[in-house]
Amino acid sequence: MTATPIDPTATPAWASLASHLEALASQGVDLRSWFAADPSRAACLTFEAGDLRVDLSKNLVLAETLALLTGLAEQVGLAARVEAMFTGEHINATEDRAVLHTALRRPPDGPELIVDGQNVSADVAAELDKFLGFAARVRGGSLTGVTGKPFTTVVNIGIGGSDLGPAMVYQALAEYRGPIRARFVSNIDPSDISSAVADLDPETTLFIVASKTFGTLETLTNARLARSWLLEMLGARGVVTSAQSAADAVARHFVAVSTARDKVAEFGIDPVNAFGFWDWVGGRYSVDSAIGTVLAVTLGPELFRQFLDGFAVIDTHFRSTPFARNVPVLMGLINVWYVNFWDAHTHAVLPYSQHLARFPAYLQQLTMESNGKSVRWDGSAVTTATGEVFWGEPGTNGQHAFYQLLHQGTELVPADFIAFANPQAPLADGGQDVHELLLANFIAQTSALAFGKTAAEVRLEGTAEALVPARVFTGNRPSTAIMAPALTPGVLGQLIALYEHITFVEGAVWGIDSFDQWGVELGKVLAGQVTPALAGSPEAFAQLDASARAMVEYYRANRRR
C-alpha cells in the first residue's frame, strides 16, 4: 500500500461530482423542496451502525450525490486500503509501520492476527489482562500506598493522545465512576500540576506517567514535579526519611504507560508496573490501549471491556458493510464533498450532552493531526484541499455563542449534532422533563439550519420591513444528527471508532498518510533551542530570530524571581 496513491481529482467520479454540483447549483439547492418532493428522504438517508442512528437527510446531498461519492471511494481504492489496515500492512508509509489500533479491541474469540511474524492478538490480550489486573488490585485495595492506605485519587500525567482521550472519556462517563477519582495533568505550565495536587493526600495518591518513549518533555517535567511533591509531602509527615524510603515511596505511588522500561526504572518506577503499547498505535488512537489504565482504575475492568466492545462493533460495521450503507464511509465522503466541492473550511461537532464537553477537543487532535497534511503518502504534493478544522461546544451553550454564524454567517459550516434518548441525570422542572427541553433544542436546531425562514414568513410575523432582511434565515445549512439510546461505555466506544474511521476515509480519498504527525516536531526542536536563551545563554540568544530575541528580552526584563 505504499505505491503512488491514486489522484482523486483525476478520477471519472471526481469529474462527475464537479458536473453534478454545477447541475445542483443551476437547479437550486433547496432542502425544503427536496423534503417536500420526497416524503421518504429522511427514512432513506437514515442509517444504523451499532447503537448509533445517523440521519444524513439534512445534508446537501441527493441519492445521486452519494452514488457518485461511493464511486469515488471505489476508484481511489478505499476497500483495499481498509483491508490493508485491518490485516496489518504497513500503510503508515513514512514510518514504515502497520496501523493496528483496531487490534486493541478485537473480540478475544476471533481468529488470530499475525503481523510481521508477531502474534498481535496474544500480545494485546496479555497487555490488556496486565493493566486490567493492576486496576482490579488498586480498586480492591490489595495495592496501596507506602503507608498502607488505599488509593483514592489517581493523577494521569500525559499530553496529546495520552491525555485528551482518557480525560474526555473520564468526563463523558461520569455516572459510571467508582470511588477512586482521577485528575489529569498535561500542560507544562506549572500551574497545571500545582493545582492538580494542591489538595491531595500524598498517602492516597497514585500517579500514572503516560509516555510511550518516556521522553516527552512536558510529561517527564510534570512527572518529576509530581515526584518532588510526593517526597516533600511524605517527608514532612516523617514517612520518607532516607534514600531507600524515598525509593520505596516512588515505586509504590508511580506506575508508567511506556515501552521504555530502562527509562521507567531509572525514574524509580518498578518495571513490573509499566504497561506498554506498540508502535502501530498512534497516540491519538490509543485511548483503548494501556493509555486507558486511568480509566480501568476509575471505571473498573468490566466497564473498560464494554468500552472496547463498542469500538469493535463499529470496526465490524466499517470493514464489512457495503459503502452504500456504511456509516463511516458515507460520513467521510460527505466531508470530502463539503471540503473539496463546497469549499468548507471547518466542521462543527455539537454534542447535546454536557458530559461530552471534551469530545470536540478530542476530535481536534484525531482529525487535524491525522489529516492536516499537504503531501501524500508517497511524498508528492496533494492535489486538493485536505483536513478541515474541527471544533465545537456542547448544546445548548453553543446556541448562545457561535450558532449565529452557523445560521446567518457567510461561512458554510457542516455540523454533527449528537444526542441521547435517555439522560444521565433525569430531572424535572415544574413537571417538565428537562432532558426533553434539551432534545427539543437538538432537533429544532437541525431543522432551523436546514429549512431556515423566508422573508415571507418573517413578514407574516408582523416584522417591520426594515428588519426583515436581518431576520431571514437562508437555510440549506448542512447537518448530521447522531442519536443513541444512552451515553454508555459501549456507545462512547462506538462514537470514537466512528470518527476514527471517518478520518481514515477522508485520508484515503486524499491519498495522505493519516497516521504520522511530523508537523508537531519542529516546534519541539526549536523550543529546545529557545530554553537556554531564556536561562541567559548569550550563544543561544544569538541564534534566535529578531522577533524571538525581543520576546526573550521582554521576559528577562519582566520576570520576577
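In which helix does threonine 298 lie?

Guide: Threonine 298 lies in helix α12, which covers residues 293–299 (helices are DSSP runs of H or I with at least four residues, strands are runs of E with at least two, and both are numbered from the N terminus). The model is predicted, so local features need pLDDT of at least 70 and side-chain atom pairs count only at pLDDT 80 or more, while totals for chains, interfaces and linings use all residues. Residues are numbered from 1 along each chain as its sequence is written, and side-chain values use heavy atoms, with hydrogens and water left out.

With a relative accessible area of 0%, threonine 298 is buried (buried means under 20% relative accessible area, exposed over 50% and partly exposed in between, with a 1.4 Å probe and protein chains only). Once its neighbours within four places in sequence are set aside, the residues in contact with threonine 298 are Arg139, Val154, Tyr170, Tyr176, Arg177, Gly178, Ile180, Arg181 and Ala182 (contact means heavy atoms within 4.5 Å).

From C-alpha to C-alpha, threonine 65 and phenylalanine 275 are 47 Å apart in space, and 210 residues separate them in sequence.

Those contacts lead on to helix α1. Helix α1 takes in residues 12–27, 16 residues in total, and reaches 23 Å from its first C-alpha to its last, close to the 22 Å expected at 1.5 Å a residue (the expected span is 1.5 Å times one less than the number of residues). Its buried residues are Ala13, Trp14, Leu17, His20, Leu21 and Leu24. These residues cover an arc of only 115 degrees around the axis, which puts them on the same side of α1 (the arc is that of the directions from the helix axis to the C-beta atoms). The face of α1 turned away from this buried side carries Pro12, Glu22 and Ser26, which are exposed. What covers the buried residues of α1 includes α2 (31–37), α4 (63–75) and α14 (327–341). After α1 comes glycine 28, which has a positive phi, near 100 degrees.
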